Amino acid sequence: DSYEAFFDEYVAFMEKYAASDGTDLSLLSDYSTYMSKYTDVMAKLEALDTSSMTADELAYFTEVQARITQKIANIEY
């Protein structure tokens with residue numbers, strides 16, 4: 001759930017960035033924060049052992065990944 005929550009925040013940030021046309025310099029600080037969070041989130045994700053997940057856990061994990069991919073794909077740059 002925290003994985004998806006992070007990407008929800010990131011997508012909102014990217015939408016704000018896209019709307020600014022790259023002219024809002026305050027977004028640079030926000031971007032740095034997101035990249036730090038991204039590193040942490042991805043490390044936790046890589047530590048997951050999907051081979052030990054139950055079928056339900058794996059299905060949920062796959063569903064979350066699909067939702068995140070869709071959200072990122074829908075960002076208009």
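Let's start with the lining of the largest pocket. By class, that lining has 8 nonpolar, 1 polar and 4 charged residues. One caution before going on: this is a predicted model.

How big is the pocket? The volume of the largest pocket is about 290 Å³. Its lining is made of 13 residues, and the closest to the pocket centre are D1, S2, Y3, L45 and L48.

Now the helices themselves. Two packed helices are described by the angle between their axes and the distance between the axes. We'll take two pairs.

First pair: α1 and α2. Helix α1 covers residues 2-20, and helix α2 covers residues 27-47. They pack at an angle of about 155°, and their axes are 11 Å apart. Angles over 145 degrees count as roughly antiparallel, so α1 is roughly antiparallel to α2. Is the crossing left-handed or right-handed? The crossing of α1 and α2 is left-handed.

Who meets whom here? From α1 we have Y3, F6, F7, E9, Y10, F13, K16, Y17 and S20. Across from them in α2 sit L27, D30, Y31, Y34, M35, K37, Y38, V41, M42 and L45. By class, that contact has 14 nonpolar, 1 polar and 4 charged residues.

On the α1 side, the contact uses Y3, E4, F7, D8 and V11. On the α3 side, it uses V64, Q65, R67, I68, K71 and I72. The classes here are 6 nonpolar, 1 polar and 4 charged.

Y3 is among the residues closest to the pocket centre. Y3 of α1 also takes part in the contact with α2, and in the contact with α3.

Note on methods. Residues numbered from 1 in each chain as written. Predicted model: local features only at pLDDT ≥ 70, side-chain atom pairs only at ≥ 80, totals over all residues. Heavy atoms only, no water. Axes fitted to C-alpha atoms, helices over the stretch in contact; angles between N-to-C directions. Helix = DSSP H or I, 4+ residues; strand = E, 2+ residues; numbered from the N terminus. Parallel < 35°, antiparallel > 145°, perpendicular 65-115°, else oblique. Left-handed = near helix turned anticlockwise from the far one by under 90°. Contact = heavy atoms within 4.5 Å. Nonpolar A, V, L, I, M, F, W, Y, C, P; charged D, E, K, R; others polar. 1 Å grid on protein atoms, 1.4 Å probe; cavity = no way out; pocket = protein on both sides within 12 Å on 5 of 7 lines; lining within 4 Å. Points joined across faces, edges and corners; volume = space filled by probe spheres on them.
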